[in-house]
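Please read the report below alongside the sequence and the three-dimensional view, which are placed directly after this request.

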Amino acid sequence: MYLDRVKIFIKAGNGGNGKTSFHSEKYVEKGGPDGGDGGNGGSVIFVADRGIDSLIDFRFTKHFRAEAGGNGGSTNKRGKNGENLIIKVPCGTVIRDNETENIICDLFDDGEQIVVLKGGEGGLGNARFKSSVRQRPSFSQTGQICEEKEVILELKTIADVGLIGLPNVGKSSLLSMLTNAKPKIANYHFTTLAPNIGVCKYAGGSFVLADIPGLIEGASEGIGLGHYFLRHIERTRLLLHVVDIAGSEGRDPYSDFVIVNNELKKHGNSVESLPQIIVLNKLDLVNDRAKVEEFKNKISKLKTKYEMVEVSAACNQNLEQLLKLTISKLSVLPKKQKLEYEPFVYERPDPRKYEIIVADDGAYEIVGGFIDELVRGVVLDDPHSFAYFQKVLKDKGIIKSLKKMGADENSIIRIKDIDFEMKD
């Protein structure tokens with residue numbers, strides 16, 4: 001089975017918790033705080049690997065989680081950092097955010113990598129909260145919690161040349177004769193259920209050739225299988241448009257040619273403007289040469305000018321001529337580049353900002369990155385921790401802002417689903 005589009009869930013590792021601990025040693029009374037920091041969580045990193053040609057590995061495995069950071073220890077021991085999670089994907093994989101479908105990255109080149117989700121930071125141990133007025137802080141900080149995200153992996157095959165045409169025109173046979181690929185070949189429709197890729201070496205050069213599954217009329221609207229694989233044409237620089245010039249399926253070669261080009265135009269993304277070489281295949285089955293000349297005459301009257309090569313993949317006829325022309329065309333065509341896009345980034349809330357909103361029940365709710373960070377170090381039943389919490393709210397100007405908004409002693413202040421009373 002070939003898989004070229006899949007949704008998966010990814011999650012960076014949570015940060016480890018800081019430790020609340022006090023120095024303990026014989027003959028030493030009231031040792032100071034020595035709780036260590038928690039380790040950072042592992043990040044989720046995607047890497048392009050040319051040794052992979054589909055997304056089949058993601059068919060059943062849908063959830064990918066990086067390792068969490070270790071908790072801090074006593075005697076100022078820092079927790080172990082979580083291992084990064086490396087996810088390998090084929091070259092040409094586009095990663096999108098599932099909610100917005102915005103592009104996160106286009107992993108085009110072998111070895112290219114990107115950190116999609118950064119691991120959570122470890123919490124601070126109680127030793128970090130010691131001050132001149134707080135000699136024995138009995139609280140520490142929890143590690144950052146990371147949210148799970150759903151992303152779309154979409155493979156757009158990276159090939160120099162694409163083989164296109166209606167089913168059973170001989171594309172798979174042509175691929176097998178020109179490259180090292182070994183596609184399944186048979187005399188019935190839809191034998192090819194996935195893009196087959198091969199490397200063609202000729203006259204000291206080489207190019208990558210992809211057999212795109214057969215298109216049919218209406219493919220761009222979802223009929224048949226071809227529409228699903230049209231994205232693979234977008235990466236190519238040149239198209240070899242294969243037609244059954246013998247009409248062995250009872251179809252008219254020129255009508256076949258028009259149908260496929262119409263589907264390319266409907267698909268969009270400029271694939272209809274890609275240069276084409278028309279490959280007149282199954283020459284060995286032609287009984288009436290007039291059919292070939294009739295096809296050529298119709299093509300010559302088109303606004304777009306095409307070069308044509310008569311071949312027989314089954315008999316290895318004129319394939320060298322086709323190779324020479326293909327190499328010549330590729331030599332003057334620009335290399336394919338990455339997609340142009342504004343990268344989508346999973347950003348964490350700004351730890352410096354907060355917002356006060358009035359909830360439906362009239363409570364004043366304080367939200368934002370600043371609050372997320374603050375509550376990590378709050379232990380409500382510890383007087384030192386709670387005093388520290390109140391001091392930060394006051395120093396930050398949050399208490400003053402609440403009063404400006406009309407909060408008084410009868411008001412409810414809500415922080416992270418916990419309600420407080422307003423006190424002077």
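The report goes from the whole chain to its sheets, then to a helix pair and to single residues.

This is a predicted model, in which local features need pLDDT of at least 70 and side-chain atom pairs count only at pLDDT 80 or more, while totals for chains, interfaces and linings use all residues. Residues are numbered from 1 along each chain as its sequence is written, and side-chain values use heavy atoms, with hydrogens and water left out.

**The chain as a whole**

The chain has eight helices and 18 strands, where helices (H or I, at least four residues) and strands (E, at least two) are DSSP runs numbered from the N terminus. Of the 424 residues in the chain, 47% are buried; buried stands for under 20% relative accessible area, exposed for over 50%, and partly exposed for what lies in between, with a 1.4 Å probe and protein chains only. The accessible surface of the chain comes to about 22,000 Å², and 48% of this belongs to carbon and sulfur atoms; these areas come from the Shrake-Rupley method with a 1.4 Å probe, and for residues only the protein chains shown count as cover. Among contacts (heavy atoms within 4.5 Å) between residues at least 6 apart in sequence, 72% join residues at least 24 apart.

**The two open sheets**

Two strands pair if DSSP finds at least two bridges between them. Six strands form an open sheet of mixed pairing in the order S10-S11-S9-S12-S13-S14, with S10 (196-202) and S14 (307-310) as the edge strands, each of which pairs on one side only. From one strand to the next, the twist of this sheet averages 25°.

Within this sheet, strand S12 (residues 238-244) has seven of its seven residues buried and is therefore largely enclosed by the rest of the structure. Leu238, Leu240, Val242 and Asp244 point one way from S12, whereas Leu239, His241 and Val243 point the other way, and all are buried. Strand S9 (residues 161-164) pairs with S12 in the parallel sense over four bridges, and S12 pairs with strand S13 (residues 276-281), also in the parallel sense, over six bridges. Leu163 has Leu240 in S12 as its bridge partner, Ile164 stands opposite His241 in S12, and the bridge partner of Val243 in S13 is Leu280. Helix H4 (residues 289-300) lies across S12, S13 and S14, and runs at about 165° to S14; axes are lines fitted to C-alpha atoms, for helices over the stretch in contact, and angles run from 0 to 180 degrees between N-to-C directions.

Another open sheet of mixed pairing is formed by four strands in the order S15-S16-S17-S18. Its edge strands, each pairing on one side only, are S15 (355-358) and S18 (418-421), and the twist averages 30° from one strand to the next. Strand S16 (residues 364-367) and strand S17 (residues 412-415) run parallel and are joined by two bridges, and Glu365 has Arg414 in S17 as its bridge partner.

**A helix pair**

Two packed helices are described by the angle between their axes and the distance between the axes. The axes of helix H1 (residues 171-178) and helix H5 (residues 319-332) come within 11 Å and cross at roughly 80°. H1 and H5 are therefore roughly perpendicular to each other, a term for angles of 65 to 115 degrees, with under 35 counted as roughly parallel, over 145 as roughly antiparallel and the rest as oblique. Leu174, Met177 and Leu178 of H1 make the contact with Leu319, Leu322 and Leu323 of H5. By class, this contact of H1 with H5 has six nonpolar, no polar and no charged residues, where Ala, Val, Leu, Ile, Met, Phe, Trp, Tyr, Cys and Pro count as nonpolar, Asp, Glu, Lys and Arg as charged, and the others, Gly among them, as polar.

| Residue | Relative accessibility | Class |
|---|---|---|
| Gly38 | 0% | buried |
| Glu101 | 41% | partly exposed |
| Asn168 | 14% | buried |

Gly38 has its place in the loop between strand S1 (5-11) and strand S2 (44-49). Leaving aside neighbours within four places in sequence, the residues in contact with Gly38 include Gly16, Asn17, Gly70, Arg78 and Gly122. Gly38 and Gly70 are 32 residues apart in sequence, and 5.9 Å apart in space from C-alpha to C-alpha.

Glu101, in the loop between strand S5 (93-97) and strand S6 (103-107), has a positive phi of about 65° although it is not a glycine. Asn168, in the loop between S9 and H1, has a phi near 65°, a positive value in a residue other than glycine.
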